[in-house]
Amino acid sequence: MNVDAVILDIDGVLVDVADSYRRAIVESVRHVYGDTIERDHIQLFKNAGGFNNDWELTYAAALYVLARREKPQLSIETYTGLIAASGGGPTAAETAIADELDPADREQILSEWDRPRLREVFQQLYLGGDLYRRLEGDEPDSDLDREGFIHDEPVLLAPETREKLRAWPLGVVTGRPAAEADIALDRVGLDIPDEYRFTMDDWEAGKPDPHALCTLIERLDADRSVFVGDTLDDVRTVKNAAEADPTRTYRSVGVLTGGLTGDEGRRKYRSTGADVIVDSINDLPDLLE
């Protein structure tokens with residue numbers, strides 16, 4: 001690909017978050033409600049779309065756990081399928097519950113659905129006690145005051161790949177909060193100026209909304225860009241950017257180091273319209289001119 005800018009996602013591309021963010025989703029729901037989803041089920045939510053924000057995915061997973069108490073036969077495949085059919089994201093999750101439960105049961109589980117508490121627990125589990133105090137400005141629960149899952153994020157970006165990528169202007173579009181993006185980028189050794197990053201704190205819509213990608217390309221003064229991600233929403237972001245900004249060329253690369261893996265991951269990427277699929281970010285430099 002002949003490009004003049006490279007935009008990177010962080011999670012599943014630069015660092016492996018299977019034992020950090022994804023573990024935090026599962027364990028947060030368990031901690032608050034005593035029951036949870038399987039870790040493999042997280043990818044069903046990601047594929048449904050609209051869950052770039054892992055807090056919102058946690059809320060949707062908790063809603064399913066609560067709904068299953070009232071309707072045990074409701075499968076996770078049915079639930080996430082209904083979410084996808086309604087456009088993806090947390091609003092679609094509420095719509096799915098409204099469709100599947102009678103009004104009394106729906107009101108009961110909504111009264112138990114505590115999103116602020118889920119977020120608190122998620123951040124304590126993910127950050128750990130010390131970082132939670134520093135970044136959230138609050139005291140963690142005594143039983144959660146321990147090392148956080150953030151320390152279990154193996155780096156996927158090889159040093160030689162990092163050096164090769166510095167030949168291009170680089171940007172980042174991520175669903176992480178800015179402070180957590182700083183930690184990950186420091187860990188992988190990439191110094192990306194703030195004006196060339198979009199995090200959760202910078203735009204409310206999140207992926208697959210194209211605003212962040214289009215804005216970064218304009219700031220980088222680029223005409224031909226590639227965005228490297230690990231989810232179907234990353235591919236959809238590129239397609240939406242190409243529609244919103246037809247004067248520039250946008251290309252997508254899907255990596256198989258996130259939740260999408262193997263032949264099934266390749267099939268899903270292809271069906272969504274990924275331009276290129278690679279095993280990992282370390283295959284990228286050889287594709288670029």
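Predicted model: local features only at pLDDT ≥ 70, side-chain atom pairs only at ≥ 80, totals over all residues.
Reader: Which residues of H1 and H7 make the contact?

Author: On H1 they include Tyr 21, Ala 24, Ile 25 and Val 29. On H7 they are Arg 117, Leu 118, Val 121, Phe 122, Leu 125 and Tyr 126.

Reader: How do you know that Phe 45 touches Tyr 79?

Author: Contact means heavy atoms within 4.5 Å, and Tyr 79 is among the residues that Phe 45 touches. Others include Ile 37, Phe 51, Leu 57, Ile 76 and Ile 83.

Reader: What makes a set of residues a nonpolar core?

Author: Its members are buried and joined through side-chain atoms within 4.5 Å. The largest such core here has 72 residues, and Val 6, Leu 14, Phe 45, Tyr 79, Ile 83 and Leu 190 touch the most other members. Helix H3 (residues 54-70) gives the most to this core, with 11 residues. At least three residues come from each of domain 1 and domain 2. Another core, of 16 residues, lies apart from it and includes Val 173 and Leu 213.

Reader: Where are the bounds of domain 1 and domain 2?

Author: Domain 1 covers 5-16 + 154-287, and domain 2 covers 18-149. Their centres, taken over C-alpha atoms, are 25 Å apart, and 19 residues of domain 1 are in contact with 18 residues of domain 2.

Terms used: Residues numbered from 1 in each chain as written. Heavy atoms only, no water. Buried < 20%, exposed > 50% of the residue type's maximum accessible area, 1.4 Å probe, protein only. Helix = DSSP H or I, 4+ residues; strand = E, 2+ residues; numbered from the N terminus. Domains from an automatic or database assignment. Lists of a residue's contacts leave out its neighbours within four places in sequence.
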